[in-house]
Amino acid sequence: MTCDKCKKEMTAREDAVRVSAIAWNEPMTLLFAGARHIRCSPSRAQHIVHPDFEPVVDDRPQFDKRLWDDPESRVYQERGSGYRKECERRYTDAWVQLQDECDEEEAKEKAFKRSRNYLEVMAKIKKIKEGKKKNDD
Ligand SMILES: [Zn+2]
């Protein structure tokens, strides 16, 4: 999986599109959107407020949440005084949920790789490869 902004490799754990889909309960967006590092999406990342997440500031005026508490701001007028808090709650909870899901996936994969079934299949594959090698020699 590659970030559509910086073009570097990324994991599901870092995916801003997934965080957003969870935050706004819009799983369908995953079908159409690419993947992007959460840190390559400061407009979303600025809302994650958690001790395990180094804070991000988006100082572009059209996105900067710090401006939303000003009653003169467009966001304040359209969404009300609580919108910044709501976004922080949604994005932070979504980011935590994504970390939990990725932890579970990794734990499942680890458990699978130490299971008897997996070890037996790997032993068979090894045997086949060794047999093939002998035939090639
Ligand atoms: Zn990126």
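This is a predicted model: local features need pLDDT of at least 70, side-chain atom pairs count only at pLDDT 80 or more; totals for chains, interfaces and linings use all residues.

Residues are numbered from 1 along each chain as its sequence is written. Helices are DSSP runs (H or I, at least four residues), numbered from the N terminus.

**Helix α6**
- Helix α6 comprises 21 residues, 116-136, and spans 30 Å from its first C-alpha to its last, close to the 30 Å expected; the expected span is 1.5 Å times one less than the number of residues.
- The count of buried residues in α6 is zero, and the helix is hardly covered; a residue is buried if 20 or more other C-beta atoms, placed from the backbone, lie within 10 Å of its own, exposed if 12 or fewer, and partly exposed in between.

**Positive phi angles**
- Most residues other than glycine have a negative phi.
- K7, in the segment before α1 (16-23), has a positive phi near 65°.
- K7 is exposed because 9 other C-beta atoms lie within 10 Å.
- N25, in the loop between α1 and α2 (29-32), has a positive phi of about 50°.
- N25 counts as exposed, with 8 C-beta neighbours inside 10 Å.

**Residue E72**
- E72 is located in the loop between α3 (42-45) and α4 (74-79).
- E72 is exposed, since 7 other C-beta atoms lie within 10 Å.
- The C-alpha atoms of E72 and S115 are separated by 60 Å, and the two residues are 43 residues apart along the chain.

Notes
Helices (H or I, at least four residues) and strands (E, at least two) are DSSP runs, numbered from the N terminus.
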